Every structure is written in structure tokens, then in C-alpha cells.
Amino acid sequence: MYSYLQTLEDSDTYKKQAAPEVIWRLGSEILFYHPKSNVETFNTFADRMKNIGVLNYVKISLQHALYLMHHGMLEDANRNLSQAETWRYGEKSSSQEILINLVQAYKGLLQYYTWSKKKAELSKLDENDYAYSSATQSMLSDSWKTSVNICGLIKTPGVWDPFVKSYVEMLEFYGDQDEARKILTNYAYDEKFPSNPNAHIYLYNFLKKEKAPRAKLLSVLKNLYQIVPSHRLMLEFHMLLRKSEKEELRKLGLKVLFGVLDFAGCTKNITAWKYLARYLRQLLMENRLAWVQEEWNSRKSWWPTFHFSYFWAKSDWKEDTDLTCEKAFIAGILLGKGCRYFRYILKQDHQVLKKKIKRIKKSVKKYSIVNPGV
């Protein structure tokens with residue numbers, strides 16, 4: 001930090017202009033983590049830095065407020081945000097519009113926090129008491145302030161998850177389902193907004209709560225699938241597809257399951273393996289071998305090492321025998337009886353699982369795609 005201060009003496013104009021923000025960012029990081037730092041020191045530093053370069057005032061005020069929130073000083077944070085909200089500097093004001101909206105939205109988030117605490121207290125009061133009526137009026141006032149502060153921001157393209165969630169919760173509480181649905185739909189589908197998986201998750205959970213038609217749920221999850229094919233909601237997506245009467249959707253249901261298990265973070269997901277084992281059995285009974293082979297052909301060069309090696313057989317058996325049995329069945333189906341994973345499980349002398357292992361052996365003999373019909 002001491003070395004960087006020499007930049008202020010540099011003859012390069014660009015470096016001089018960039019220096020205040022760099023000093024602020026570097027200095028705030030030092031004060032945030034330094035063992036001898038305290039809130040008072042941070043406040044003094046922030047207040048001085050706000051006045052170095054007019055374009056940094058709102059940005060530094062916002063970061064200062066977040067620091068105060070982190071330390072539980074919500075009133076001080078709100079005061080900082082209120083001061084930043086009124087900042088004006090000629091023509092420069094228009095270029096700071098999004099930052100001002102963000103400042104207002106964080107004020108709204110603080111008001112939401114107050115509202116949610118009152119909401120929790122409200123559940124403990126008798127509806128016939130004066131205290132209940134008074135608390136309801138106070139909550140209504142907070143929700144109106146939150147609405148005013150957050151609305152400007154969530155109409156601007158960006159990723160505004162905490163603000164959208166808070167505002168929608170309030171709308172739902174007051175029964176304005178149509179407005180909540182409109183905001184969530186716009187947040188998920190407006191092309192001006194960046195791709196955001198959470199937007200689709202919020203919309204799906206809302207529609208699910210409303211008991212929306214299956215076609216609507218499928219549409220939302222299909223969009224999420226294209227962004228995050230390994231998301232835990234893909235298992236719900238699979239179940240909805242599996243129940244469909246349309247062949248292309250049922251086929252997609254298989255693709256979705258294979259897609260989930262393509263990711264390292266899902267290799268121990270026993271639900272995904274169970275769903276795949278059951279679906280493979282069902283499809284092969286329905287003579288849908290071509291569907292299975294289509295998915296397997298693009299994976300047979302790397303799935304055996306990724307999922308079905310001897311190492312994984314030993315490791316999985318030690319950690320979770322139920323998971324291992326599901327995987328052994330699938331390994332046998334896809335790779336045949338010669339698969340090392342499958343053979344390792346068959347050799348295990350486990351009294352409780354003996355019958356299960358026997359059934360796996362029998363099923364693999366019947367359904368294996370390596371030697372159909374053998």
C-alpha cells in the first residue's frame with residue numbers, strides 16, 4: 001500500500017485517475033482483515049475516501065454500508081445509504097443511475113429485514129388484539145417502502161436475486177400472486193437480463209406452489225436444464241418427463257439422467273442412480289434399446305473409468321452398499337458381466353445383501369445391452 005501511494009506522483013493522467021479507487025479497494029481489504037483494525041478506523045478511512053474523486057462517492061458509500069451491515073450496524077448502514085441516495089454532481093449524476101438504484105435497493109433490503117422480523121412476531125399475536133392491528137399497519141408501511149426502493153433496480157437488467165426474492169415474498173404475503181408471477185417471469189425470460197439459473201428456480205418453485213399445469217413446469221425446468229444440467233431439480237425434471245405421453249419427452253428424461261451423472265459432484269447421488277436403474281429397466285422392457293445405446297455411445301469411452309473402475313467399486317462398497325448395488329446393476333447393463341465394478345460386487349459375501357446381489361445378477365443377464373437376449 002505504501003509503495004502504491006507513489007502512483008499519485010506519476011505523470012500518467014490515467015494512473016492518477018485510477019489511483020483513488022485502487023487505494024480505496026486495497027485499503028478497505030487491509031482494514032477488513034487486519035487484526036488491529038476496528039469499525040471506527042474503517043469509518044474514518046471510508047469517509048475520507050468518499051471525497052477523493054466524485055465518481056467514487058456512491059460506490060464507496062455502498063461498500064461502506066455493506067461493511068456496517070456485516071458488523072450488525074443496520075441503522076448506521078441505512079444512514080450511509082440515505083446520504084448516498086441524495087448524491088448529485090451535475091452531469092455525472094446520470095452515469096451513476098444504476099448505482100443509485102442499487103443503493104435504494106439495499107435500503108429496501110434493510111426495510112425487508114425489519115418487515116420479516118415483524119412478520120415473525122405477528123404469528124405470535126392474537127388477531128383480535130390491538131397489537132396485531134398495529135403491527136400489521138407497521139408491516140404495510142415497511143412493505144410499501146421496500147417496494148418503492150427495490151422496483152427501480154429489478155427492472156434494470158442484472159442479477160438481483162436477494163432483492164427479487166424479498167419483494168416476491170412480500171407480494172405473496174399480501175396475496176398479489178399475479179404481480180409476483182409477472183416479476184418472476186420477467187426476471188427469468190427477459191432477454192435483456194443475463195442468463196441466471198436462480199431466476200428459473202424461483203419461477204419453478206412459485207409455479208409449483210401454485211399447482212401450475214405440468215407443461216408450464218416442464219418449460220421452466222427445460223430452460224434450467226440448458227443452463228445447469230447438473231442441478232438437483234433435474235431429478236424432478238426427469239420424473240415429469242418420464243410421466244409424459246410424448247415419446248420425445250420420455251427420451252429426454254433418459255438424457256437428463258445421464259447428463260446429471262456426467263458431473264463429478266453428482267457421482268454419489270444415490271437418487272440419480274436409482275432413477276437411472278429403474279428407467280433403464282423400464283425402457284429395455286419396452287424395447288427402447290436404441291434410446292439407451294444413443295446415450296451410452298457418447299459415454300462408453302470415459303464413463304467406465306469415471307464411474308465403474310475397480311477403485312470405485314472398492315471405495316463405494318466401503319462407503320455406501322446401497323449406492324454400490326444400484327451402480328453395479330447399471331454397470332452390468334451398460335458394460336456386461338465382464339465389467340470389473342460388477343464382478344467386484346458379485347464376489348462380496350454380504351449376508352444382508354445376498355438376495356439383492358443375486359437379483360442384480362439375474363437382471364443384468366436379462367437386460368444387458370452388451371449381449372442383448374443372453
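Select Q63 first. This residue is partly exposed, with a relative accessible area of 25%. Its place is helix α3, residues 57-70. Keep in mind on every stop that the model is predicted.

Q63 and R25 lie 38 residues apart in sequence, and their C-alpha atoms are 9.6 Å apart in space.

Go to L8. Look in the segment before α1 (13-33). L8 is partly exposed, at 43% relative accessible area.

Show it as a surface to see its outline.

Which residue pairs with E85 in a salt bridge? Select K107. The closest N and O atoms of E85 and K107 are 3.0 Å apart. E85 sits in helix α4 (residues 74-85) and K107 in helix α6 (residues 97-122), so this pair ties together parts that are 22 residues apart in sequence. Are E85 and K107 buried or exposed? Both E85 and K107 are buried.

The total for the model is 18 salt bridges. More of them come up below.

Next, select N149. Helix α7 (residues 130-154) holds this residue. N149 counts as buried because its relative accessibility is 9%, and buried means under 20%.

The side chains of N149 and Q111 make a polar contact at 2.9 Å.

Move to H200, in helix α10. H200 is buried, with a relative accessible area of 6%. Draw a distance from its C-alpha atom to that of L284. The two C-alpha atoms are separated by 33 Å, and the residues are 84 apart along the chain.

Step on to K211. This lysine lies in the loop between α10 (197-209) and α11 (214-227). Is K211 buried or exposed? K211 is exposed, with a relative accessible area of 73%.

Check the backbone here. The phi of K211 is near 60°, a positive value in a residue other than glycine. Most residues other than glycine have a negative phi.

Select N287 next. N287 is in the loop between α14 and α15. What is the phi of N287 near? The phi of N287 is near 60°, again positive in a residue other than glycine. N287 counts as exposed, at 67% relative accessibility.

**R299 and its two partners**

Centre on R299. Begin with its bridge to D262. R299 forms a salt bridge with D262, and the closest N and O atoms are 2.9 Å apart. R299 lies in the loop between α15 (289-297) and α16 (303-307), and D262 in the loop between α13 (247-260) and α14 (270-285), so the pair ties together parts that are 37 residues apart in sequence.

Colour the two residues by accessibility. R299 counts as buried, at 8% relative accessibility. D262 is partly exposed, with a relative accessible area of 22%.

E295 is buried, as is R299.

Then select K268, D316, E319 and K327. Salt bridges that share partners join these four residues into one network. Show their side chains and trace the links from one residue to the next.

**The last stop: a positive patch**

Where is K337? Look in the loop between α18 (321-335) and α19 (340-346). K337 is partly exposed, with a relative accessible area of 48%.

Notes
Residues numbered from 1 in each chain as written. Predicted model: local features only at pLDDT ≥ 70, side-chain atom pairs only at ≥ 80, totals over all residues. Heavy atoms only, no water. Helix = DSSP H or I, 4+ residues; strand = E, 2+ residues; numbered from the N terminus. Buried < 20%, exposed > 50% of the residue type's maximum accessible area, 1.4 Å probe, protein only. Polar contact = N/O pair within 3.5 Å; in protein donor to acceptor, adjacent residues only side chain to side chain. Salt bridge = Lys/Arg side-chain N within 4 Å of Asp/Glu carboxyl O.
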